[in-house]
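Open the structure in your viewer and keep the selection tool at hand. The stops below are meant to be followed in order.

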Amino acid sequence: MSFADLTEKDLLADEKKVFGRIIDMWSLGTPEDPYSSSTESKVIKYAEKDGLSEEQILGVLKSLEEKGLIHREQVRKKTIIKYRVEAHHIVKELQKTTYVDSRYKFTPPHHSGPGSK
């Protein structure tokens, strides 16, 4: 199954919880630094509020990365969780659910239409 075929319904509950927390963290970023709040350590701390252990969260992050929904990048000794354009439709779906708490809608800084990089 490609990312284009994946939907929010294809994600496990724990994947939805963690991805929802990542989207919340992305929405806290600024246009100048959209990923300022989406460090792996901050996402783990935030997602632990859902009753998941650090090991479970790291496993979910690996799964989300394998599914092509996020990618992790080392930046100045921090692991930043970044958006993938291919995940845009799932981000939009999850923003309509209770898995995303943020009052601010996340709009990726580099997304200007389907297929943009």
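This tour of a predicted model goes from a pair of helices to salt bridges and then to a hairpin.

Select helix 1 (residues 13-27) and helix 3 (residues 54-66). Their axes lie 10 Å apart and cross at about 85 degrees, so the two helices are roughly perpendicular to each other. To see the contact, show Asp-14, Glu-15, Val-18, Phe-19 and Ile-22 on helix 1, and Ile-57, Val-60, Leu-61, Ser-63 and Leu-64 on helix 3. By class, this contact has 7 nonpolar, 1 polar and 2 charged residues.

Lys-67 sits in the loop between helix 3 and strand 1, and its partner in helix 1 is 52 residues away in the chain. Glu-15 is buried at 4% relative accessibility, whereas Lys-67 is partly exposed at 25%.

Next, select Arg-72 and Glu-65, a salt bridge whose closest N and O atoms are 3.0 Å apart. Arg-72 is partly exposed at 26% relative accessibility, and Glu-65 is partly exposed at 28%.

Now select strand 1 (residues 70-75) and strand 2, which pair in the antiparallel sense over 6 bridges. Gln-74 has Thr-79 in strand 2 as its bridge partner. The hairpin has 2 residues between the strands, and Arg-76 takes a positive phi near 45 degrees there. Of the 6 residues of strand 2 (residues 78-83), 5 are buried, so this strand is largely enclosed by the rest of the structure. Lys-82 forms a salt bridge with Glu-73, at 3.2 Å between the closest N and O atoms.

Finally, select Arg-21, Asp-24, Asp-50 and Asp-101, which are linked in a network of salt bridges. The whole structure has 11 salt bridges.

Key:
Residues are numbered from 1 along each chain as its sequence is written. This is a predicted model: local features need pLDDT of at least 70, side-chain atom pairs count only at pLDDT 80 or more; totals for chains, interfaces and linings use all residues. Side-chain values use heavy atoms; hydrogens and water are left out. Buried means under 20% relative accessible area, exposed over 50%, partly exposed in between (1.4 Å probe, protein chains only). Helices (H or I, at least four residues) and strands (E, at least two) are DSSP runs, numbered from the N terminus. Two strands pair if DSSP finds at least two bridges between them. Axes are lines fitted to C-alpha atoms, for helices over the stretch in contact, and angles run from 0 to 180 degrees between N-to-C directions. Angles under 35 degrees count as roughly parallel, over 145 as roughly antiparallel, 65 to 115 as roughly perpendicular and the rest as oblique. Contact means heavy atoms within 4.5 Å. Ala, Val, Leu, Ile, Met, Phe, Trp, Tyr, Cys and Pro count as nonpolar, Asp, Glu, Lys and Arg as charged, and the others, Gly among them, as polar. A salt bridge is a side-chain nitrogen of Lys or Arg within 4 Å of a carboxyl oxygen of Asp or Glu.
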